[in-house]
Amino acid sequence: MMATAATQTSGNSLKEADIDINISHDFGTADTSYDTRTAITHEIGHLLGLDEMYIGTTNVMYYKRAVGDRCHALSTDDKAGIAAIY
């Protein structure tokens, strides 16, 4: 697992949100590493309540990324998921 997101709530209030990055993976901005911005954007999606997507590799919430993959812009599906929650 490259990164994880976890939240702590009390009732309807968010008390804490954490993103953990697995440093055993090579993160950075080069084509030979996992893209840091893509990973963080994906994990923020989890903090906002989105689940993994198993279709649509252009979705930020797509479940699997390869070395060199970049996905910095929210897709229509990503935006629809947020709109449905909030």
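Good morning. One thing first: the model is predicted.

Let's start with empty space. Rolling a probe the size of a water molecule over the atoms shows where empty space is left. So what is the volume of the largest pocket? About 310 Å³. Sixteen residues line this pocket, and those closest to its centre are Ala3, His42, Glu43, Glu52 and Tyr63. Find them on your screen.

Where does the lining come from? Strand 1, residues 3-10, gives at least two residues, and so does helix 1, residues 36-47. Which element gives the largest share? Helix 1, with five residues. The pocket lining has eight nonpolar residues, four polar ones and four charged ones.

Now the closed space. How many cavities of 30 Å³ or more does the structure hold? One.

We move to charges. Side chains of opposite charge can pair when their charged atoms come close. There are two salt bridges in this structure.

Take the pair of aspartate 31 and arginine 70. Their side chains meet at 3.7 Å, N to O. The two partners sit in distant parts of the chain, 39 residues apart. Aspartate 31 is in the loop between strand 3, residues 27-28, and strand 4. Arginine 70 is in the loop between helix 1 and helix 2.

Next, arginine 70 and aspartate 35. Here the distance is 3.5 Å, N to O. Aspartate 35 belongs to strand 4 and arginine 70 to that loop between the helices, so this bridge ties together parts that are 35 residues apart in sequence. Arginine 70 takes part in both bridges, and Asp31, Asp35 and Arg70 are joined into one network.

How covered are these three? Aspartate 31 has 63% relative accessibility, so it counts as exposed. Arginine 70 has 32%, so it is partly exposed. And aspartate 35, is it buried or exposed? It is buried, because its relative accessibility is 5%, and the cut-off for buried is under 20%.

On to the surface. Which residues form a nonpolar patch there? Ile44, Leu48, Ile85 and Tyr86. Together they have about 400 Å² of accessible area. Pick out leucine 48. It lies in the loop between helix 1 and helix 2, residues 76-85. Its relative accessible area is 38%, so leucine 48 is partly exposed.

Now compare positions. Tyrosine 62 and glutamine 8 are 54 residues apart in sequence. In space, 24 Å separates them, C-alpha to C-alpha.

To recap. The largest pocket has a volume of about 310 Å³. Asp31, Asp35 and Arg70 make one salt-bridge network. Thank you.

Technical notes. Residues numbered from 1 in each chain as written. Predicted model: local features only at pLDDT ≥ 70, side-chain atom pairs only at ≥ 80, totals over all residues. Heavy atoms only, no water. 1 Å grid on protein atoms, 1.4 Å probe; cavity = no way out; pocket = protein on both sides within 12 Å on 5 of 7 lines; lining within 4 Å. Points joined across faces, edges and corners; volume = space filled by probe spheres on them. Helix = DSSP H or I, 4+ residues; strand = E, 2+ residues; numbered from the N terminus. Nonpolar A, V, L, I, M, F, W, Y, C, P; charged D, E, K, R; others polar. Patch = residues over 30% accessible without salt bridge, like charges linked within 9 Å, V, L, I, M, F, W, Y side chains within 5 Å. Areas by Shrake-Rupley, 256 points an atom, 1.4 Å probe, with all protein chains shown as cover. Salt bridge = Lys/Arg side-chain N within 4 Å of Asp/Glu carboxyl O. Buried < 20%, exposed > 50% of the residue type's maximum accessible area, 1.4 Å probe, protein only.
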